[in-house]
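Me: I would like a close look at a single part of this model, with the cut-offs spelled out. Please set it in the context of the chain as a whole.

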Amino acid sequence: MGIRAQIGKRKNYVELWAQADQNFSFPPDDDTLLEVTKWVDENGLGKRMAYNGWQLNDQSGITAFILRWSTE
């Protein structure tokens with residue numbers, strides 16, 4: 001199962017989606033989302049705003065997030 005980080009319509013907003021049936025239409029499991037939130041908090045990159053969405057502080061935070069969490 002792959003995970004895709006997707007940049008949202010709001011500035012510096014990202015979402016994570018898990019692969020199912022050749023598309024990315026479901027959020028990852030709770031354990032993964034908690035791990036991501038912990039990582040974002042520990043690195044001071046932003047805050048969780050939705051079940052599978054984070055508002056990051058700046059473009060460098062988005063780059064770090066995508067490099068760390070996107071497997072696609």
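Are Trp54 and Phe65 buried or exposed?

Reply: Both Trp54 and Phe65 are buried, where buried means under 20% relative accessible area, exposed over 50% and partly exposed in between, with a 1.4 Å probe and protein chains only. The model is predicted, so local features need pLDDT of at least 70 and side-chain atom pairs count only at pLDDT 80 or more, while totals for chains, interfaces and linings use all residues. Residues are numbered from 1 along each chain as its sequence is written, and side-chain values use heavy atoms, with hydrogens and water left out.

First, the setting. The protein chain has 2 helices and 5 strands, arranged along the sequence as β-β-β-α-β-β-α; helices (H or I, at least four residues) and strands (E, at least two) are DSSP runs, numbered from the N terminus. Of the 72 residues in the protein chain, 39% are buried. The radius of gyration of the protein chain is 11 Å, in agreement with the value near 11 Å for a compact globule of 72 residues; this radius is taken over C-alpha atoms, and the globule rule is 2.2 Å times the number of residues to the power 0.38.

Now the aromatic part. The whole structure contains 3 aromatic pairs. Rings of Phe, Tyr and Trp (its six-membered ring) pair if their centres lie within 6.5 Å; planes under 30 degrees apart count as stacked, over 60 as edge-to-face and the rest as tilted. Trp39 and Trp69 form an edge-to-face pair, with 5.9 Å from centre to centre and 80° between the planes. This pair links distant parts of the chain, since Trp39 is in helix H1 and Trp69 in helix H2 (residues 59-69), 30 residues apart. Trp39 counts as buried at 18% relative accessibility, and Trp69 counts as buried at 6%.

The pair of Trp54 and Phe65 is tilted, because the ring centres are 5.5 Å apart and the planes are at 45°. Trp54 lies in strand S5 (residues 53-56) and Phe65 in helix H2, so the pair ties together parts that are 11 residues apart in sequence. One aromatic cluster is formed by Trp39, Trp54, Phe65 and Trp69.

Trp54 also has a contact with Thr37, contact meaning heavy atoms within 4.5 Å. Thr37 is in helix H1 (residues 30-42) and is buried, with a relative accessible area of 13%. Leaving aside neighbours within four places in sequence, Thr37 is in contact with Arg48 as well as Trp54.
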